[in-house]
Amino acid sequence: MPNKNLMKVPSQKLSRENAFPVSLKIGPFTYEIRQSTNFAARHSMWGQARPAELVIEIEPDIDIGQKYQVLLHEAIHAADEHFHLGLPDEDKENAVDRLATILYGILKENNLLKGA
Ligand SMILES: [Zn+2]
């Protein structure tokens with residue numbers, strides 16, 4: 001969920017060898033993916049989508065599979081914000097999590113994820 005009080009944090013740019021994406025297109029929107037040191041410790045969550053800024057922030061210190069699941073989870077939140085997917089408000093986190101898990105499984109089992 002977007003948090004208006006989130007302070008600016010230094011983002012860690014990825015080296016070329018790291019396969020994890022640094023940007024993500026969601027429809028006509030291009031999100032910057034920031035892997036922000038100690039994100040989880042500071043925010044008590046693994047990631048956050050900020051649709052108004054077109055930024056997805058992710059905790060860098062987790063395994064690559066989990067990182068992709070967090071990215072998908074936040075991408076679904078972002079898509080929901082832009083395209084109003086009709087996810088149930090009262091159970092949105094669970095719906096987003098289930099969609100992300102299913103999508104991750106499809107991508108992983110069909111070798112469509114770099115480095116995972
Ligand atoms: Zn969420």
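**Exercise 1.** Among contacts in the protein between residues at least 6 apart in sequence, what percentage join residues at least 24 apart?

*Solution.* In this predicted model, we take the contacts between residues at least 6 apart in sequence and ask which of them join residues at least 24 apart; the share is 51%.

**Exercise 2.** Describe the secondary structure of the protein and the order of its elements.

*Solution.* Begin with the inventory, which comes to three helices and four strands. Then read along the sequence, where these elements follow the pattern β-β-α-β-β-α-α.

**Exercise 3.** Check whether the end-to-end distance of helix H2 agrees with its number of residues.

*Solution.* Helix H2 covers residues 64-83, which makes 20 residues. The expected span is 1.5 Å times one less than the number of residues, so H2 should span 28 Å. After the helix comes histidine 84, with a positive phi near 50°.

**Exercise 4.** Find which residues of H2 are buried, and what covers them.

*Solution.* Across the protein, 25% of the 116 residues count as buried. In H2 the buried residues include Lys67, Tyr68, Leu71, His73, Ile76 and Ala78. Their cover includes the strands S1 (23-26), S2 (29-35), S3 (47-50) and S4 (55-58), together with helix H3 (92-109).

**Exercise 5.** State how confident the predictor is, and locate a stretch where the pLDDT is below 50.

*Solution.* The mean pLDDT is 88, and 84% of the residues reach 70 or more. Over residues 2-17, however, the pLDDT is below 50, and this stretch has 15 contacts in the model beyond near neighbours in sequence.

Note on methods
Residues numbered from 1 in each chain as written. Predicted model: local features only at pLDDT ≥ 70, side-chain atom pairs only at ≥ 80, totals over all residues. Helix = DSSP H or I, 4+ residues; strand = E, 2+ residues; numbered from the N terminus. Buried ≥ 20, exposed ≤ 12 C-beta atoms within 10 Å, placed from the backbone. Contact = placed C-beta atoms within 7 Å. pLDDT = per-residue confidence, 0-100.
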